[in-house]
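Good morning, colleagues. Please have the sequence and the coordinates open while I go through the points one by one.

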Amino acid sequence: MAWLTWTLFSVFLVFGTSKKSSNYVGLTLDKKNPIDPGQCDTSNHGEIKLVQDRLGADRVLMCTKENPTFLWKTIDGTSTVGEYFDPAIDCSDVVDRVPDAADGFYWISSKAIQNVSKVC
């Protein structure tokens, strides 16, 4: 029970009652490229960044390491498949990895093509 209380209290302190988490954690969007958090590697492991997702909503990311790969993950654990920093291989990849994915624009990247926005 104490753990649950502490968790809820911590979430309130970080996010407060506003929909903009940046008001509470001191993060700002990069005005030149708000969708790209940049590289995630040993030099910035643990760094937290604010980006906009493909729908224009604010997302808070952390540079994490899943042996041996460094990657950006949302701090709330939501899927990032199809985002600029985590593009899908193709539309079927989106459906396979995000079962509740809605129709819309997703970032796609493969050996044949680099990051492009595509309707899936």
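I begin with the disulfide that joins Cys40 to Cys63, with an S to S distance of 2.0 Å; the term denotes a pair of cysteine sulfur atoms within 2.5 Å. This is a predicted model, in which local features need pLDDT of at least 70 and side-chain atom pairs count only at pLDDT 80 or more, while totals for chains, interfaces and linings use all residues. Residues are numbered from 1 along each chain as its sequence is written, and side-chain values use heavy atoms, with hydrogens and water left out.

The torsion about the S-S bond of Cys40 and Cys63 is about 95°, so this disulfide is right-handed. The pair links distant parts of the chain, 23 residues apart: Cys40 lies in the loop between helix 2 (22-25) and strand 1, and Cys63 lies in strand 2. Helices (H or I, at least four residues) and strands (E, at least two) are DSSP runs, numbered from the N terminus. Cys40 is buried at a relative accessible area of 11%, and Cys63 is buried at 1%; buried means under 20%, exposed over 50%, and partly exposed in between, with a 1.4 Å probe and protein chains only.

Strand 1 (residues 48-52) and strand 2 (residues 58-66) are joined by 5 bridges; strand 2 and strand 3 pair over 6 bridges. Met62 is the partner of Ile48, and Lys73 in strand 3 is the bridge partner of Met62.

Methods. Two strands pair if DSSP finds at least two bridges between them.
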